[in-house]
Amino acid sequence: MQRLLTIGLCLGLLACKSPLTELPLTEGGPALVLAHVSVEDHSRNLKHLRAVAPAEVNTPESRRSALEAHALWLEGAVLEAGTTCGIRFAPAAPYRLELTVTDLGEVRTKYIVYGIASGVAWGVATGLVAHNPKLAVGLGGYELLEETAFWIGGSTLFSAWSAPVVVEARLTKDSEPKPLWTETYYALSGSLWLKGLPPEVRTSRGTQLRASMQKIVSKVFQDLEDIPGFPKGTEEHLAAPAASRAIQERILAPAIP
């Protein structure tokens with residue numbers, strides 16, 4: 001029951017969306033400054049970020065390099081998609097779009113620790129409520145073993161069989177102390193963007209993650225379209241992903257300068 005409540009809470013958080021703020025962006029067409037895209041370094045395993053050579057070692061430096069390559073690709077994809085949609089990226093624009101990749105390729109350690117700790121806390125609390133210290137210790141130990149196996153095993157399988165990406169986006173204005181708009185985007189897979197490609201390409205870890213990021217890029221611009229003054233995306237950008245060869249070519253590119 002405790003695990004179901006935890007999962008339900010997580011699903012509820014995923015469903016929450018912050019409302020878009022109406023912005024006066026109609027004068028001269030929408031213009032933005034794209035801040036440098038950042039990726040939080042939470043990685044544990046290089047193979048969850050890209051293909052690994054047989055003799056290659058999983059080191060913090062190699063993982064950091066892979067994360068930087070993904071950030072560079074995402075920055076270029078946003079610039080290209082925004083230009084396609086009719087948005088001008090100008091250095092002096094008052095509006096600033098910032099993107100932070102908080103999860104890439106695997107479940108963050110803090111979520112695993114939280115899941116295990118919440119299970120143990122539930123077991124101990126149940127024993128304390130019953131005024132039975134032995135029961136508290138027993139349930140706490142049982143939950144520690146069960147939750148550790150569940151979260152570590154589950155996160156390993158989840159990271160291996162999906163391509164999870166979480167991106168936090170926000171829009172700020174020079175004269176405003178608080179963001180005008182914020183949103184968090186989740187993608188477990190970008191498989192629709194990979195349809196029709198050879199199997200060896202679809203199974204490439206780097207390509208899978210770029211497809212998930214491309215899925216989020218489309219969501220970002222779909223939401224920006226709800227702001228008065230922003231142009232509608234072209235059919236090429238927002239059409240069914242499998243039908244867009246240009247988007248597939250963008251995903252296959254290692255990075256867009």
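Reader: How many helices and strands are in the chain?

Author: There are eight helices and six strands. Helices are DSSP runs of H or I with at least four residues, strands are E runs of at least two, and both are numbered from the N terminus. Along the sequence the pattern reads α-β-β-α-β-β-α-α-β-β-α-α-α-α. This is a predicted model: local features need pLDDT of at least 70, side-chain atom pairs count only at pLDDT 80 or more, and totals for chains, interfaces and linings use all residues. Residues are numbered from 1 along each chain as its sequence is written, and side-chain values use heavy atoms, with hydrogens and water left out.

Reader: What share of the chain counts as buried?

Author: Start with the cut-offs. Buried means under 20% relative accessible area, exposed over 50%, and partly exposed in between, with a 1.4 Å probe and protein chains only. Of the 257 residues here, 42% count as buried.

Reader: And what share of the contacts joins residues 24 or more positions apart?

Author: Contact means heavy atoms within 4.5 Å. Take the contacts with a separation of 6 or more: residues 24 or more positions apart account for 74% of them.

Reader: How do I check a helix length, say for α2?

Author: Compare its end-to-end distance with an expected span, which is 1.5 Å times one less than its number of residues. Helix α2 has 25 residues and should span 36 Å; its end C-alpha atoms are 36 Å apart, so the two agree. For α6, 20 residues should give 28 Å, and the end C-alpha atoms lie 29 Å apart, which agrees. Helix α3, residues 109-129, has 21 residues and reaches 30 Å, close to the 30 Å expected.

Reader: Which residues of α3 are buried?

Author: First, the general idea. An α-helix has 3.6 residues a turn, so residues three or four places apart point the same way. In α3 the buried residues are I112, G115, I116, S118, G119, G123 and G127.

Reader: What happens just after α3?

Author: H131 takes a positive phi of about 55 degrees. That is a positive value in a residue other than glycine. H131 lies in the loop between α3 and α4 (133-161). Its relative accessibility is 72%, so H131 counts as exposed. Just after α2, G86 also has a positive phi, of about 95 degrees.

Reader: How are two packed helices described?

Author: By the angle between their axes and the distance between the axes. Axes are lines fitted to C-alpha atoms, for helices over the stretch in contact, and angles run from 0 to 180 degrees between N-to-C directions. Here, α2 and α6 have axes that come within 10 Å and cross at roughly 35 degrees.

Reader: Is that crossing left-handed or right-handed?

Author: A crossing is left-handed if the near helix is turned anticlockwise from the far one by less than a right angle, and right-handed if clockwise. The crossing of α2 and α6 is right-handed. On the α2 side, the residues that meet α6 include H70, L74 and V78. On the α6 side, L209, M213 and F221 are among them. Helix α6 is mostly covered, with 16 of its 20 residues buried.

Reader: Which residues have the most contacts inside the largest nonpolar core?

Author: A nonpolar core is a set of buried Ala, Val, Leu, Ile, Met, Phe, Trp, Tyr and Cys residues joined through side-chain atoms within 4.5 Å. The largest one has 46 residues, and L74, V78, L104, V165 and F221 have the most contacts inside it. Elements giving two or more residues to this core include α2 (60-84), β4 (95-104), β5 (165-173) and α6 (205-224). Leaving aside neighbours within four places in sequence, L104 touches V39, H42, L49, L67, H70, P164, V165, L209 and M213.

Reader: How many salt bridges does a search of the whole structure find?

Author: Side chains of opposite charge can pair when their charged atoms come close. A salt bridge is a side-chain nitrogen of Lys or Arg within 4 Å of a carboxyl oxygen of Asp or Glu. The search finds four. One of them joins R64 and D41, with the closest N and O atoms 3.9 Å apart. R64 is in helix α2 and D41 in the loop between β2 (38-39) and α2, 23 residues apart. R64 is partly exposed at 37%, and D41 is partly exposed at 45%.
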